[in-house]
Amino acid sequence: MQQDKFLISGAGGQAASRLEINDFIKDKKQLSLYIQALDAMFKEKDDPRLSWFSVGGIHGLPYVEWNQSPPPLDPQGNPGPFCVHATPLFAPWHRPYVALLEQIIGTHAASIAEKYTADTALWKSAAANLRQPYWDWAINPVPPDVIISDEKVKILHAPMGEEVEVENPFLRYRFRSDSERQSFHESFKDWPTTLRYPTGKGKDATSDVVQLKLELAKYKSGDNSLKSQARELFWLDDWNQFSTTRDHPDRIHNSLEGVHNAVHNVVGGHSPAPEQVEGHMADISYAGFDPIFFLHHCQVDHLLSLWSYIHTLWITGPDASKDLTPFWKTQSNYWSSTDIQTESSLHYTYPELVGGPTPAEVALKVIKLYGGATFEPGPVESLKSLHPSPQSNSITQWSARVRSKQFEVGGSFSVLIFLGNVPENSSEWHTSPTYVGSFHAFVNRTPEACANCQTQEDVYISGVVHLNEAITNTNDNQASLHPDYVVPRLTKGLSWRVRKTNGTVVDLQGIPSLEVVVTATPLTLSPGALFPTVGKPQLYHEITRGTPGGSCAT
């Protein structure tokens, strides 16, 4: 007799609040339950569908059936991944995925709580309210040590709640056998654990935690920081611009998926030359196995929830009713995007939404988190991350808009923007004073084995790198954001390089679809407005025309 399908319902019970990881780890009971539940998932034997490997594999390899849902097939009948990137379904699809993990963790936590003989009622309450924590990388680009560096972690252990030290499951997933990796490729097939900034290709490679922290710290401030990118999401009032990297003719800010891509690529990192290979988080096929994956995607969902609540917008049209495979709502129906518009459908909420505030009240909370926008005039105009001003202000936001066919490079990649000389040694690019920021693409390296990818073979993705800070960061007393100053300066000094996430530099001549165009977008903050009004971007094709990867306009 066939086993019933496992239905995704979230953690169940009342809609308890998910917590940011820095707050979550302060609750010793919930932290202790989560760590033990995560370890139980790693070791799951009773129901293989609910093991860490099976759940992580939904996102990429090994391209097998999960919970009576066969994987999508390409035109040749070959299986591929379930995940949907560079489509309007990107954000909704990951919502039941995170809820699935939350549900499994909650079930384990409830069983573990029963083992405590001291403060039993408190432990049961902690388990009932346990929800997946999120890592708000916009506020804290470098997560706490318990997530990325502590080999051991202290928990309160059953039955008496005494403090003991255990192996830290947040650091890595240790594959249980070689057979789990038999469908993997290259170094991923040899590595017995997930890695971040691998030290080499061999099976003895480890994660370079120092490098990981250094790279994440670079996204803490500036025009292109994760905080700035998160803040600007709330200035968008169009679902497609907000949700997906799929190219939009009026692309003015990075999308939710675009910011998400940056975190994937930066957390995965790559090994030093000459043994260049990326870590698990930087490859779609393997990212779901890293325990930090769900902390990251819970933050993606957090931003989705806040944006949707403030703008009262959600995915519409035919996509809204499409099946979010393989996540079953009933024994005969999958969840759809329409089903999960509210977090309560899956029994969770976020701190900013507790108590049913108005959209304007949530907007003020977002401004407190990520900053609002005021435009401070002066010798050099600048865009400041502050609360709104009572006066109407406006400014021009100069940006490099980057667009490319997503599969042309052959895997995940970054387009690095510079204003000034570019170091010859690519290992010095990120630390160069002329480096401005990066556009990140998180794509499947084997699109031929991905049904969703093959329908997007000619689809362009796009994003932006803001230039104002770089333009005005000069000793030139004549510096301004006026076109008379900006256009000649960018024409002379703007350049770009492309690098795969494994560290390999890509020849610009080998990416015919790549196009970098400078845009100037008017931003106006009206009196009493919480977010600026974004005007129509003006394109300055002449700045990059005639350069490999520059404007294609004639």
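1. Tyr-97 counts as buried, at 0% relative accessibility. Buried means under 20% relative accessible area; exposed is over 50%, and partly exposed lies in between (1.4 Å probe, protein chains only). Phe-294 is buried too, at 1% relative accessibility.

2. This is a predicted model, with local features taken at pLDDT of at least 70, side-chain atom pairs at 80 or more, and totals for chains, interfaces and linings over all residues. Numbering starts from 1 along each chain as its sequence is written, and side-chain values use heavy atoms, without hydrogens or water.

3. The model holds 33 aromatic pairs. The rule takes rings of Phe, Tyr and Trp (its six-membered ring) with centres within 6.5 Å; planes under 30 degrees apart are stacked, over 60 edge-to-face, the rest tilted. Helices are DSSP runs (H or I, at least four residues), numbered from the N terminus.

4. Which geometry do the rings of Phe-234 and Tyr-370 adopt? The planes are at 20 degrees and the centres 6.4 Å apart, so this pair is stacked. Phe-234 is in the loop between helix 9 (226-233) and helix 10 (239-243), while Tyr-370 is in helix 13 (residues 359-370), 136 residues apart. Phe-234 is buried at 1% relative accessibility. Tyr-370 is buried at 0%.

5. Two charged ends sit over rings. Arg-18 lies over the ring of Tyr-348, 3.5 Å from its centre. Lys-29 lies over the ring of Trp-123, 5.3 Å from its centre. The test is NZ of Lys or CZ of Arg within 6 Å of the ring centre and within 35 degrees of the ring normal.

6. Helix 4 packs with helix 5 (residues 120-128) at about 180 degrees, axes 8 Å apart. The two helices are therefore roughly antiparallel (over 145 degrees). Helix 4 supplies Ala-109, Ala-110 and Ala-113 to the contact (heavy atoms within 4.5 Å). Helix 5 supplies Trp-123, Lys-124 and Ala-127.

7. Look also at Val-142, in the loop between helix 5 and helix 6 (145-148). Val-142 is partly exposed, with a relative accessible area of 30%. Leaving aside neighbours within four places in sequence, Val-142 contacts Ile-148, Lys-213, Leu-216 and Ala-217. The C-alpha atoms of Val-142 and Ala-217 are separated by 6.1 Å, although the residues are 75 apart along the chain.

Technical notes. Axes fitted to C-alpha atoms, helices over the stretch in contact; angles between N-to-C directions. Parallel < 35°, antiparallel > 145°, perpendicular 65-115°, else oblique.
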